[in-house]
Amino acid sequence: MSLLLRGLLAGLIAGLLAGGFAFVFGEPHVDAAIAIEEAAAPASSTDAAEDPLVSRNGQKAGLVLATTLYGIAMGGLLATAYTLLRRRFRIAADSRVALVLAGSALVGAVLVPWVKYPPNPPAVGDPATINQRTWSYLAVLVLGLVAVWAAVIAARTQTVEWRRAVAATLAFVVVVSVAYLLLPGIQEVPESFPAALLWEFRITSLGVQAVLWTVLGLAFAALVTPRVTAAEPAAAVAA
C-alpha cells in the first residue's frame, strides 16, 4: 500500500472519530447558541424568516461528512509531508516521524490560531467583518507553521539536548508573539452572550481538532511502521 493511501485511510478513521466527537459534544452547544439567537430576534423578523435550506438534522449529518472529508484531506497532506520530509529527520523510527509531523500540525495549524482567534458559535459574529476574519485567520495559521519551522531550525543549531529544547521553545515563542502583536484583535462576542456556553463551544471545537490530529498521527504511525514477517527472524538467526 502506498504512503498516500495509508494517509488517506488514517484520515478517514480520524475524520469519522472527530465527526462523532463533534456530533456528541459540539452540536448541543450549537443548538443552544441558535436558540439564543432566535430568542433575541424580533418577533416580526422571526415570523417572516424563511425556512433554512438545510434542516438541523441535515446539518448534523453533514457535519460528520465534512469532518470525514477534512480528515481524508489532512491524511493526504500528512502523507505528502512525510514523503518530502522523512529524510530530513534525525529520527530512526518511522512511527515517531509520523507522530512528530502530526503533533507539529496540531500545534502550528490548530493551537496557535485557536489562541489568537478562538471560534465563535453561530449566534456570534458580524457578517461585515467576515473577510477580515478570514484573512487574519489564514495569516495566523501560516505564521503558526512558520513558528514550528523556526523551532526546528533553532533546535538544529544546538548539540546538547536541553539546549536544543530551550532554543526550539524560544524560537517558537518569539515568532508566535510577534504574530499575535502584528495581527489585529477581533472581539465580536456580545456581553449578553453566556460566557459558559461560549467557553464550552470553544473548548469542544479545539477538542474536535485534537481528536482528529491525535488519531490521524497514531493511525498513520501504525500504518507506516515496517512489519516484520515470520521469515525475517528465521533468516536473521540462520545468518
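Me: Which residues have the most contacts inside the largest nonpolar core?
Reply: In this predicted model, the largest nonpolar core has 26 residues. Helix H1 (3–40), helix H3 (56–85), H4 and helix H7 (195–224) each give two or more residues to this core. The residues with the most contacts inside it are Leu-78, Tyr-82, Trp-213, Leu-216 and Phe-220.

Me: Which helix gives the largest share of this core?
Reply: The elements that supply two or more residues to the core are H1, H3, H4 and H7. Among these contributions, one of 10 residues is the largest share. That share comes from H7.

Me: With which residues is Leu-216 in contact, leaving aside its neighbours within four places in sequence?
Reply: Leu-216 belongs to the group with the most contacts inside the largest nonpolar core. A contact requires heavy atoms within 4.5 Å. Once neighbours within four places in sequence are left aside, the partners of Leu-216 are Gly-7, Ala-10, Gly-11, Ala-14, Met-74, Gly-75 and Leu-78.

Me: Why does Val-176 count as buried?
Reply: Val-176 lies in helix H6, and its contacts beyond four places in sequence are with Val-112 and Ala-147. A residue is buried when its relative accessible area is under 20%. Val-176 counts as buried because its relative accessibility is 10%.

Me: How far does helix H5 reach from its first C-alpha to its last?
Reply: Helix H5 spans residues 130–156 and has 27 residues. At 1.5 Å a residue, the expected value is 39 Å. The reach in the model is close to that, at 40 Å.

Me: Which helices are included in what covers the buried residues of H5?
Reply: The buried residues of H5 are Ser-136, Val-140, Gly-144, Ala-147, Val-148, Ala-150, Ala-151, Ala-154 and Ala-155. One of them, Ala-147, is in contact with Val-176, and Val-176 lies in helix H6. The cover includes helix H4 (94–116) and helix H6 (161–182).

Me: Which residues meet in the salt bridge, and what is its N to O distance?
Reply: A search of the whole structure finds one salt bridge. Its partners are Asp-94 and Arg-86, and both are buried. Their side chains meet with an N to O distance of 2.9 Å.

Me: Which residue supplies the backbone oxygen that lies 2.9 Å from a polar atom of the side chain of Thr-67?
Reply: Thr-67 is placed in helix H3 and counts as buried at 11% relative accessibility. Beyond four places in sequence, Thr-67 is in contact with Gly-15, Ala-18, Gly-19 and Leu-212. The backbone oxygen at 2.9 Å from its side chain belongs to Val-64.

Me: With which residues is Thr-68 in contact, leaving aside its neighbours within four places in sequence?
Reply: Thr-68 is also placed in helix H3. At 10% relative accessibility, Thr-68 counts as buried. Its contacts beyond four places in sequence are with Gly-11, Leu-12, Gly-15 and Leu-16.

Conventions: Residues are numbered from 1 along each chain as its sequence is written. This is a predicted model: local features need pLDDT of at least 70, side-chain atom pairs count only at pLDDT 80 or more; totals for chains, interfaces and linings use all residues. Side-chain values use heavy atoms; hydrogens and water are left out. Helices (H or I, at least four residues) and strands (E, at least two) are DSSP runs, numbered from the N terminus. The expected span of a helix is 1.5 Å times one less than its number of residues. Buried means under 20% relative accessible area, exposed over 50%, partly exposed in between (1.4 Å probe, protein chains only). A nonpolar core is a set of buried Ala, Val, Leu, Ile, Met, Phe, Trp, Tyr and Cys residues joined through side-chain atoms within 4.5 Å. A salt bridge is a side-chain nitrogen of Lys or Arg within 4 Å of a carboxyl oxygen of Asp or Glu. A polar contact is a pair of N or O atoms within 3.5 Å; within protein, one must be able to donate a hydrogen and the other to accept it, and residues adjacent in sequence count only if both atoms are side-chain atoms.
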